[in-house]
Amino acid sequence: LRCCTAASVVSDGSGAAADERSLYIMRVVQIAVMCVLALTVVFGIFFLGCNLLIKSEGMINFLVKERRPSKEVEAVVVGPY
């Protein structure tokens, strides 16, 4: 790739404007791609965290319901005393 070498920046003047323009376009494209990738990673982490939070909240609610003794057990325990 010509855009990655120092020789492409320094030229004899015949294609300097075209090289400079293509270099600028390549930089803009690279910045745009990096911004899209960064936003994808940020939103991916955010939605993954929200999903894990919702699942853990559901698991906690399930465990709380399981720990609560039923009324039948209380009646059996209270009966012999």
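Colleague: Hi! Which residues form the nonpolar patch on the surface?

Modeller: Y24, I25, V28, V29, V33, M34 and L37 do, with about 670 Å² of accessible area together. A patch takes residues with over 30% relative accessible area and no salt bridge, joining nonpolar side chains (Val, Leu, Ile, Met, Phe, Trp, Tyr) within 5 Å and like charges within 9 Å. A salt bridge is a side-chain nitrogen of Lys or Arg within 4 Å of a carboxyl oxygen of Asp or Glu. Accessible areas use the Shrake-Rupley method with a 1.4 Å probe, and for residues only the protein chains shown count as cover.

Colleague: What kind of model is this?

Modeller: It is a predicted model, where local features need pLDDT of at least 70, side-chain atom pairs count only at pLDDT 80 or more, and totals for chains, interfaces and linings use all residues. Residues are numbered from 1 along each chain as its sequence is written, and side-chain values use heavy atoms, leaving out hydrogens and water.

Colleague: Back to the patch, then. Where is I25 found?

Modeller: In helix 1, residues 16-67. Helices (H or I, at least four residues) and strands (E, at least two) are DSSP runs numbered from the N terminus. I25 is partly exposed, at 41% relative accessible area; buried means under 20%, exposed over 50%, and partly exposed in between (1.4 Å probe, protein chains only).

Colleague: How many helices and strands are in the protein chain?

Modeller: Two helices and zero strands. Of its 81 residues, 2% count as buried.

Colleague: Where does UniProt place the "transmembrane region"?

Modeller: The unreviewed UniProt entry puts that feature at residues 28-54. In the model this span is 100% helix, and its end C-alpha atoms lie 39 Å apart. UniProt positions follow the numbering used here, with shortened feature names, and annotations may be inferred rather than shown by experiment.

Colleague: New topic: how many aromatic pairs are there?

Modeller: The count is two. F43 and F47 are stacked, 6.3 Å centre to centre with 25 degrees between the planes. Rings of Phe, Tyr and Trp (its six-membered ring) pair if their centres lie within 6.5 Å; planes under 30 degrees apart are stacked, over 60 edge-to-face, and the rest tilted.

Colleague: Why are F43 and F47 separated by about one helical turn?

Modeller: Because they are four residues apart in helix 1. F46 and F47 make an edge-to-face pair, at 5.3 Å and 65 degrees, and ring pairs link F43, F46 and F47 into a cluster.

Colleague: Is F47 buried or exposed?

Modeller: Exposed, at 53% relative accessibility, whereas F46 is partly exposed at 49%.

Colleague: Last one: how many disulfides does a search find?

Modeller: Zero in the whole structure, with a disulfide taken as a pair of cysteine sulfur atoms within 2.5 Å.
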